[in-house]
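Colleague: Got the model open and a few things to ask about the packing. Can we go through it together?

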Amino acid sequence: MRPVNKGPSNAGYTPPTNLTFTGANGTIMQKIYNTTSPLLTDCLNLWLAGVTGGTYPIAHPPVTVAEMNTAASAIQSRVNDIYKQASVPLTSTLGDFCSYCEIPLPGLVEVEHVLPKSMYPTFSCDWSNFLMSCGPCNTKKGNDPNRATVYGWLGGSGTFPESAYLNQIRLLHYVWPDNNAQAYRLLLNILTYNNSGTWTPVLTKNAADPRNEVVSFNIATRTVVGLFYNGTSTPVTADVKVAIGPNTSFSAPEQAKATQMINLCGLNDAGSLDSTYDRRVVNRTLTWFKVCTAWKFIDTINDQAQFALVWPLIESQARAAGFYSLWVTILNEYKTPNGTNVGAYFATTVNKDLYFPNTVTTYIP
């Protein structure tokens, strides 16, 4: 998971201060708020009251529950128009990649709510609550973490402000790419192979061997057969995959947060074999071998000037393939002709517009 810096809340996206309603909805808003242009925050609080079963705002003259429900539906519809306006500034800021699985987003970019808007409408229009998602990650995440789960984390009794829910989700559970500079290190990418029915990890230095290559793959079964050198002179040919797992060098709580994120978005899920909708895992595995192949073409260059001349080809291939963390993981195993860690060199050179902008490289070697 690529750690990123989204920047300030006004980075090309500013939600309106007020929402203006007309027609029948305007009439209802006039009854509730004595204006047809209530504050956005008041509107979101009304929606929240409907979600939590709380008391609707006091109105004069009296407003029926049916009218309140109609108002809440009208507010939700308007919110859908508002947050979708963040797709362009999000893409410009982060590049068009899924914030979770790192797959490229060549078509539809889904503005993903960290705290689901249906559960936590207070944050439905906040820039700080937005990330980018592919369809499979967004579908798997759905409306989780739901309020009941987080309420249990809070102790399961009493009343808590929305900020308490935010704190649990954003800081105490899960690894988020936009507020954890160690996201890349916490969520490791490990090449594994099917060894007599058991998925066995391959040491990264062996998994990064430039001689490794794909033998075949079958999208119907999500099977990738790879040829790789597992520390021996004779290559191994086996069913392989790249699994994301928590880094065991971190504390148990941090590992638990990583595991929760893996499960939240189904990062290791193969998806339904009845369709090609979810290809995240197989594409991640294919990209691993693409990185090995890409590195093979410049691995033998011993002159730094020549290396720099050819390097843009690596950048372009990485941009097209996505899965930033795989590139860094594999390239970390090598040095440039002048002795610089290639992973760090990569992280620096692709941290720009049209590639992987605003990446936080603090913990990348």
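Colleague: At what angle do α11 and α14 pack, and how far apart are their axes?

Modeller: Helix α11 (residues 280-296) packs against helix α14 (residues 324-331) at an angle of about 45 degrees, and the axes are 10 Å apart. The axes are lines fitted to C-alpha atoms, for helices over the stretch in contact, with angles from 0 to 180 degrees between N-to-C directions. Helices here are DSSP runs of H or I with at least four residues, strands are runs of E with at least two, and both are numbered from the N terminus.

Colleague: What kind of model is it, and which cut-offs apply?

Modeller: It's a predicted model: local features need pLDDT of at least 70 and side-chain atom pairs count only at pLDDT 80 or more, while totals for chains, interfaces and linings use all residues. Residues are numbered from 1 along each chain as its sequence is written, and side-chain values use heavy atoms, with hydrogens and water left out.

Colleague: What else does α11 lie across?

Modeller: The sheet: α11 lies across β3 (187-195), β5, β6 and β7 (236-246), running at about 110 degrees to β7.

Colleague: What's the strand order in that sheet?

Modeller: It's an open sheet of 5 strands, β4-β3-β7-β6-β5, with antiparallel pairing. Two strands pair if DSSP finds at least two bridges between them. β4 (198-201) and β5 (213-218) are the edges; each has a single partner strand, so one side of each has no neighbour in the sheet. The twist averages 40 degrees from one strand to the next.

Colleague: How many bridges join β3 to β7, and how many join β3 to β4?

Modeller: β3 and β7 pair over 7 bridges, with Lys241 in β7 as the bridge partner of Thr192. For β3 and β4 there are 4 bridges, and Asn194 has Trp199 as its bridge partner in β4. β3 and β4 form a hairpin with 2 residues between them, and Ser196 in the turn has a positive phi of about 55 degrees.

Colleague: And on the other side, which residue stands opposite Ser216?

Modeller: Val225 in β6. β5 and β6 (residues 223-228) pair over 5 bridges, and β6 and β7 pair over 5 bridges as well. Phe228 stands opposite Val236 in β7.

Colleague: Switching topic. Is Glu162 buried or exposed?

Modeller: Buried, at 13% relative accessibility. Buried is under 20% relative accessible area, exposed is over 50% and partly exposed is in between, using a 1.4 Å probe and protein chains only. Glu162 is in helix α7 (residues 162-172). Leaving aside neighbours within four places in sequence, Glu162 is in contact with Leu48, Tyr120, Thr122, Phe123 and Arg147.

Colleague: What covers the buried residues of α7?

Modeller: The cover includes α2 (40-52) and α6 (147-153). The buried residues of α7 are Glu162, Ala164, Tyr165, Gln168, Ile169 and Arg170.

Colleague: How many residues of α15 are buried?

Modeller: 6 of the 8 in α15 (residues 342-349), so that helix is largely enclosed by the rest of the structure. Its cover includes α11, α12, α13 (312-321) and α14.

Colleague: Last one: where is Asp299?

Modeller: Asp299 is in the loop between α11 and α12 (304-310). Asp299 is partly exposed, with a relative accessible area of 31%.

How values were computed:
Contact = heavy atoms within 4.5 Å.
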